[in-house]
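Subject: Handover of a structure and the findings on it

Dear colleague,

Please find below the structure that I am handing over to you. My findings follow directly after it.

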Amino acid sequence: MDFPRTPIHGIEVSAYTIPTDAPEADGTLAWDSTTLVLVQIDAGSVRGLGYTYGDKAIATVAKRLAERCLLGKPACDIPQLHESMLRQVRNDGSDGISAMAISALDIGLWDVKARLAGSPLSALLGRAESSVAAYGSGGFTSYSDTQLTTQFSQWVESGFTRVKMKVGSDPGADPGRVHTARKAIGANTSLFVDANGAYAVKQAIALSRRFAEEDVSWFEEPVSSDHLSGLHRIRAEAPAGMEIAAGEYGYSHFYFRRMLEAGAVDVLQLDATRCKGYTGFLKGAAIAESFGCPLSAHCAPSLHMHAACAVPGFRHIEYFHDHARIEQMFFDGFIAPRNGRLQPDMSAPGLGLVFKQKDAERFAVS
């Protein structure tokens with residue numbers, strides 16, 4: 001396909017802070033709001049969008065990168081534009097806020113390219129599958145047993161066959177909470193736990209054996225994802241049938257390579273809103289394939305369904321409570337899971353999303 005050399009003639013960057021619908025916490029953090037940083041890119045007659053979740057400071061970096069690296073440039077030259085942004089943040093560091101700003105802009109560029117081609121993004125990338133599995137994710141440590149039971153029961157009733165809960169705020173209470181979750185979902189639904197790095201190595205190994213009594217099959221970030229030797233040890237000593245997962249805090253393909261070389265995980269998690277967009281996501285997927293490691297996507301389900309469908313054998317996408325709620329509030333074209341699977345709309349170009357400006361305005365931050 002011969003893409004036109006359509007220049008980018010406008011970019012808007014904005015941030016929106018949305019209160020949670022109830023207090024939320026995991027093993028290492030508590031919060032009462034989530035901030036979405038949105039970019040909208042105009043090229044020719046189309047407007048594409050990209051976004052990430054994080055501090056509003058990301059918007060400042062994204063605006064600077066847009067002005068210095070993207071405006072006036074051909075919108076479809078994504079590799080060149082991506083490298084230009086990486087060079088621009090060289091002295092500031094290319095991880096953290098810089099990586100998340102690049103992520104939002106890179107996603108927006110891919111949306112523009114697909115819209116200029118009149119193609120759904122998953123088709124532009126080349127589909128390996130028409131849909132991808134998702135798992136319900138919430139079960140915050142701030143939830144009461146009643147809240148936990150209600151959320152998980154509703155997910156199972158809606159067709160999810162996998163659900164994930166947070167652990168780690170009170171390790172002594174975690175086995176009881178996991179038992180409550182198992183009762184809520186029954187024997188036929190897979191149960192995942194996520195400690196967000198809250199445990200020590202020996203503590204995580206001991207708890208993995210307790211969690212195995214409730215048939216927990218996924219233990220995410222039992223220790224910090226930077227503690228590669230610790231993850232490796234837990235992986236070696238965890239019960240058979242329990243996968244160790246991490247990677248959501250990876251900002252580059254170099255990080256993913258180090259994690260896999262260390263033998264730290266059974267499943268690698270990628271997050272396009274952190275790992276420098278779809279460009280970084282696809283690099284991470286290629287590295288994982290070279291190690292024979294399966295992949296899962298972290299949060300932002302409306303973005304990840306397109307890229308996940310383009311990766312052969314992709315495991316599943318995290319249907320995170322906060323992000324699914326915000327994406328449904330803010331975007332026309334939002335797609336909810338059916339029978340636990342997400343399927344892009346093949347009649348809509350790009351991501352198939354249109355920002356609901358008026359609905360979002362009351363949440364805007366300067």
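The model is a predicted one. Is His316 buried or exposed? Its relative accessible area is 2%, and the cut-off for a buried residue is under 20%, so His316 counts as buried. Leaving aside residues up to four places away in sequence, His316 touches Val132, Ala133, Ala134, Tyr135, Arg162, Phe192, Trp218, Leu295, Ser296 and Ala297. With one of these, Ser296, the side chain of His316 makes a polar contact through the side chain, at 2.9 Å.

Side chains of opposite charge can pair when their charged atoms come close. The count of salt bridges comes to 20. One of them joins Glu318 to Lys164, with 3.0 Å between the closest N and O atoms. This pair links distant parts of the chain, as Glu318 lies in strand β11 and Lys164 in strand β5 (residues 162–166), 154 residues apart. Both Glu318 and Lys164 are buried. The two residues also belong to a network of salt bridges that links Lys164, Lys166, Asp194, Glu220 and Glu318.

The side chains of Glu248 and Arg274 meet at 3.8 Å, N to O. Here too the pair links distant parts of the chain: Glu248 is in the loop between β8 (243–246) and α9 (253–261), and Arg274 is in the loop between β9 (267–270) and α10 (277–291), 26 residues apart. Glu248 and Arg274 are both buried.

The other salt bridge is formed by the side chains of Glu237 and Arg233, at 3.2 Å from N to O. Both residues lie in helix α8 (residues 228–237), 4 residues apart, which is about one turn of the helix. An α-helix has 3.6 residues a turn, so residues three or four places apart point the same way. Glu237 is partly exposed, with a relative accessible area of 33%, and Arg233 is partly exposed at 37%.

I turn next to helix α1 (residues 57–70). This helix has 14 residues and reaches 19 Å from its first C-alpha to its last, close to the expected 20 Å. Which residues of α1 are buried? They are Ile58, Ala59, Val61, Ala62, Leu65, Ala66, Cys69 and Leu70. These residues cover an arc of only 160° around the axis, and therefore lie on the same side of α1. The exposed residues Thr60 and Arg68 are carried on the face turned away from that buried side. Among the elements that cover the buried residues of α1 are the strands β1 (8–25), β2 (30–43) and β3 (46–53), together with the helices α2 (78–88) and α3 (96–117). After α1 comes Gly72, which has a positive phi near 85°.

Strands β1, β2 and β3 also belong to an open sheet of 4 strands, in the order β3-β2-β1-β15, with antiparallel pairing. Because β3 and β15 (364–365) stand at the edges with a single partner strand each, one side of each is left without a neighbour in the sheet. The antiparallel strands β1 and β15 are joined by 2 bridges, and Tyr16 stands opposite Ala364 in β15.

With kind regards

Methods. Residues numbered from 1 in each chain as written. Predicted model: local features only at pLDDT ≥ 70, side-chain atom pairs only at ≥ 80, totals over all residues. Heavy atoms only, no water. Expected span 1.5 Å × (residues − 1). Buried < 20%, exposed > 50% of the residue type's maximum accessible area, 1.4 Å probe, protein only. Arc of directions from axis to C-beta. Contact = heavy atoms within 4.5 Å. Polar contact = N/O pair within 3.5 Å; in protein donor to acceptor, adjacent residues only side chain to side chain. Salt bridge = Lys/Arg side-chain N within 4 Å of Asp/Glu carboxyl O. Pairing = 2+ DSSP bridges.
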